[in-house]
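Please check each against your own view of the structure.

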Amino acid sequence: MPHAAATGSRPGAGRRLELELGSPPKLMGVLNVTPDSFSDGGLWLDPTAAIERGLAMLRAGADLLDLGAESTRPGGGVYGAGAAEVSVEDELERLIPVLRELRRLTDVPLSVDTRRAAVAEAALAEGADLINDVSALADPRMASVVAEHGCAIVLMHSRGELANMQRGIHFKDLLTEVADELRDRAAGAVAAGIDRRRIVLDPGIGFGKTVEHNLTLLRHLDRLAALGFPLLVGASRKSFIGAVAEAAPKERLGGSLAAAAWAAQHRIAILRVHDVAATHQFLAVWRAIENAEGGA
Ligand code: HH2
């Protein structure tokens, strides 16, 4: 069974993340230390609030946390001009105090959502276990940083620049093109020395895709699973849910749970969510029903 493994790079860290396809999905709690994320910008910018939020998500059932200090909401569509450019210095200033303290307080795997090799390098030195790169190695140094640390990496599908990603979207054959592009990025990662068992792929829901594209990618997750890598799905609160159900970002829990159930049914490895407690309960009951054998 394909799997990805992330081993803490610090001596004695002893953390390990095994992601097996076919096991229940690991719940990744989103911790946005940003002023402008699309659904929770500004709520956790203060380090103390962010750390408390991280710990609360762990108590609520998160298996790992994803710390992001740069909003990556794409421009050219529902988010207008998209996220503001953040300097490496600002990204580090937001990220490191929160990462350092959470690392001190917990042994659960900590992921860092960044497109920059310099940020990844600093985060790995602070004990991060996983790099979540929505640009899938656009920074030419990212692959070597990850290979050197032997950590796991998420390679997410997207096209073009964040600033205008939602403009002029065009696929001739969505599923084939997304699968081919992800396969190429994974091959590039392996060629750069990243262990293929430490690669996770992600269809990039909402990144350079129409509502119909997002729904079709979710419907056919099996096409991406066939690439032989564990999958991560980040559908939580995304705008396709708002388009189907006419709901503001914070009112998309029902739609997010529908996407979570669908993804879990397709044996994805990691589910990236904002609403950890509700998703945890939802999946626990869903799994209990799936596994029920008694009463015959
Ligand atoms: N989505 C977002 C951010 N990072 N990473 C992966 N691997 N997959 C995703 O789908 C994904 C991601 C966007 O969500 P959020 O972090 O809540 O918003 P923002 O980018 O505005 O901070």
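1. I begin with Ile-199, which is buried, since its relative accessible area is 0%; buried here means under 20% relative accessible area, exposed means over 50%, and partly exposed is what falls in between, with a 1.4 Å probe and protein chains only. Ile-199 lies in strand E8 (residues 199–202), where helices (H or I, at least four residues) and strands (E, at least two) are DSSP runs numbered from the N terminus. Between the C-alpha atoms of Ile-199 and Gly-54, which are 145 residues apart along the chain, the separation is 24 Å.

2. As to provenance, this is a predicted model, in which local features need pLDDT of at least 70 and side-chain atom pairs count only at pLDDT 80 or more, while totals for chains, interfaces and linings use all residues. Residues are numbered from 1 along each chain as its sequence is written, and side-chain values use heavy atoms, with hydrogens and water left out.

3. On confidence, pLDDT being the predictor's confidence in each residue, from 0 to 100, the chain has a mean of 90, and 92% of its residues reach 70 or more. Over residues 7–15, however, the pLDDT is below 50, although this stretch has 21 contacts in the model beyond near neighbours in sequence, a contact meaning heavy atoms within 4.5 Å.

4. A salt bridge is taken as a side-chain nitrogen of Lys or Arg within 4 Å of a carboxyl oxygen of Asp or Glu, and by this rule the count comes to 17 salt bridges. One of them joins the side chains of Arg-116 and Glu-91, at 2.5 Å from N to O. Because Arg-116 lies in the loop between strand E5 (110–113) and helix H3 (117–125), and Glu-91 in helix H2 (residues 88–105), the pair ties together parts that are 25 residues apart in sequence. Arg-116 and Glu-91 are both buried.

5. Helix H2 also holds Arg-104 and Glu-101, 3 residues apart, about one turn of the helix, and their side chains meet in a salt bridge at 2.8 Å, N to O. In general, an α-helix has 3.6 residues a turn, so residues three or four places apart point the same way. Arg-104 is exposed, at a relative accessible area of 60%, whereas Glu-101 is partly exposed, at 23%.

6. Which residue forms a salt bridge with Asp-113? The partner is Arg-272, with the closest N and O atoms 3.3 Å apart. This pair links distant parts of the chain, since Asp-113 is in strand E5 and Arg-272 in strand E10 (residues 270–273), 159 residues apart. Asp-113 counts as buried because its relative accessibility is 6%, and Arg-272 likewise counts as buried, at 14%. Through salt bridges that share partners, Asp-66, Asp-113 and Arg-272 are joined into one network.

7. Helix H9 (residues 253–265) has 13 residues and reaches 18 Å from its first C-alpha to its last, close to the 18 Å expected at 1.5 Å a residue, the expected span being 1.5 Å times one less than the number of residues. Its buried residues include Ser-256, Leu-257 and Ala-260, and what covers the buried residues of H9 includes helix H7 (221–225), strand E9 (232–233), H8, E10 and helix H10 (276–291).

8. Backbone angles deserve a look, given that most residues other than glycine have a negative phi. Just after H9, Arg-267 takes a positive phi of about 60°. Arg-237, in the loop between E9 and H8, has a positive phi near 60° and counts as buried, at 9% relative accessibility. Glu-246, in the loop between H8 and H9, has a positive phi near 50° but counts as exposed, at 75% relative accessibility.

9. On the surface, Val-211, Leu-215 and Val-244 form a nonpolar patch with about 220 Å² of accessible area together. Patches are made of residues with over 30% relative accessible area and no salt bridge, like charges being joined within 9 Å and nonpolar side chains (Val, Leu, Ile, Met, Phe, Trp, Tyr) within 5 Å; the areas come from the Shrake-Rupley method with a 1.4 Å probe, and for residues only the protein chains shown count as cover. Val-244 is found in helix H8 (residues 239–245) and counts as exposed, at 57% relative accessibility.
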